[in-house]
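Visitor: I'm new to reading protein structures. Could you walk me through one, feature by feature?

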Amino acid sequence: MSSFQALQTQYGLLLKQFLNSNKEFEVLTTIPPDHSAESETLYVLDSSFNPPTRAHLRIVSTALTENPRPRPRVLLLLATQNADKPSKPASFEDRLVMMELFARDLRAHLASAPAFAASGVTNAVETLPLIDIGVTKMPYFVDKATAIEASDSYPVPLEQVHLTGYDTLIRIFDSKYYAPEHTLKPLEPFLTKHRLRVTMRPSDEWGGREEQLEYVAALARGDRESEGARREWADRIQLVEGRLSTDQPVSSTRAREALQSAPQDLNWLVPEQARQFVLSGRPYSGNSKM
């Protein structure tokens, strides 16, 4: 418990310093603390981490192992101003603690993956990607990517691969977020240099698998050129399968609900170290509304 409290204090101070600075983006911690390693690809998982779940684990681990790239690096990114979600119930500093614990869980998970464990445990540890815990004041996707690119945290050029869900893809291509012209032209700098890896989410709200594939196909045909989109952007978007229809749905909302009604379900909802903090650190204990 004392180690959790130390992390809470550490991130509380780091967060306060960041919020009082004029920085738009900052890496607060790197797991492990090694800032010398060269990287060619930065995988960015921008989420509320409220709490991090095994769905987050799957999204990052499959991106790293299904299409291995040389010298990858991972950024877990928390926005202190979110365009669509309130900053409740867990505090930002508690989410940052959970992000670090999740980073440890992720590295332990990757250590057993064939892509990293080919030559024994020692080599696996040496070849595991560094994982950064970062924060940004920017609420919108394009501005976050620009702030990362403009920071001195990473070498230039460095390709960013943003790991998103299909619902986020829809928001990225919603022109209402790009005032004052309300066109998709602001996406051009990003999609010229960086990529999106999108987990499909067939549902009543977002349509079936074929509808989601068609969304990107329409972009490739030029159906949205009148909005400022370019056909070649479709080549920068990779749609990947999400959970199987037979799998139990995993989400942060479900994890918070399980904490109240079925704590044993956290075993398959939240990775081990993050789960221990959810249970022992009680980041949700002071919140009556989950």
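Guide: Happy to. Let's start with a term: a strand is a DSSP run of E with at least two residues, and strands are numbered from the N terminus. In this predicted model, glutamine 160 is found in strand S5, which covers residues 159-165.

Visitor: Is glutamine 160 buried or exposed?

Guide: The cut-off you need is that buried means under 20% relative accessible area. Glutamine 160 has a relative accessible area of 2%, so it counts as buried.

Visitor: And which residues does glutamine 160 touch?

Guide: Skip the residues up to four places away in sequence, and you get Leu42, Val44, Ala145, Ile148, Glu149, Phe190, His194 and Arg195.

Visitor: How do I read a whole helix? Which residues of helix H11 are buried?

Guide: Helix H11 runs over residues 272-281, and its buried residues are Ala274, Arg275, Phe277, Val278 and Gly281. They cover an arc of only 165 degrees around the axis, so they lie on the same side of H11.

Visitor: What do the buried residues of H11 pack against?

Guide: Their partners are helices H1 (2-19), H2 (54-66), H3 (92-111), H9 (252-261) and H10 (266-269).

Visitor: What follows H11?

Guide: Arginine 282 does, and its phi is positive, near 50 degrees.

Visitor: Now let's zoom out. How many helices and strands does the chain have?

Guide: There are 11 helices and 7 strands. The C-alpha trace spans about 55 × 45 × 45 Å along its principal axes.

Visitor: What share of the residues is buried?

Guide: Buried residues make up 48% of the 290 in the chain. Look at the contacts too: among those with a separation of 6 or more, 75% are between residues 24 or more positions apart.

Visitor: And what about charges?

Guide: The chain has 33 positive and 37 negative side chains, and the centres of the two sets lie 3 Å apart.

Definitions and conventions
Residues numbered from 1 in each chain as written. Predicted model: local features only at pLDDT ≥ 70, side-chain atom pairs only at ≥ 80, totals over all residues. Heavy atoms only, no water. Buried < 20%, exposed > 50% of the residue type's maximum accessible area, 1.4 Å probe, protein only. Helix = DSSP H or I, 4+ residues; strand = E, 2+ residues; numbered from the N terminus. Arc of directions from axis to C-beta. Contact = heavy atoms within 4.5 Å. Lys, Arg positive; Asp, Glu negative; His and termini not counted. Charge placed at Lys NZ, Arg CZ, Asp CG, Glu CD.
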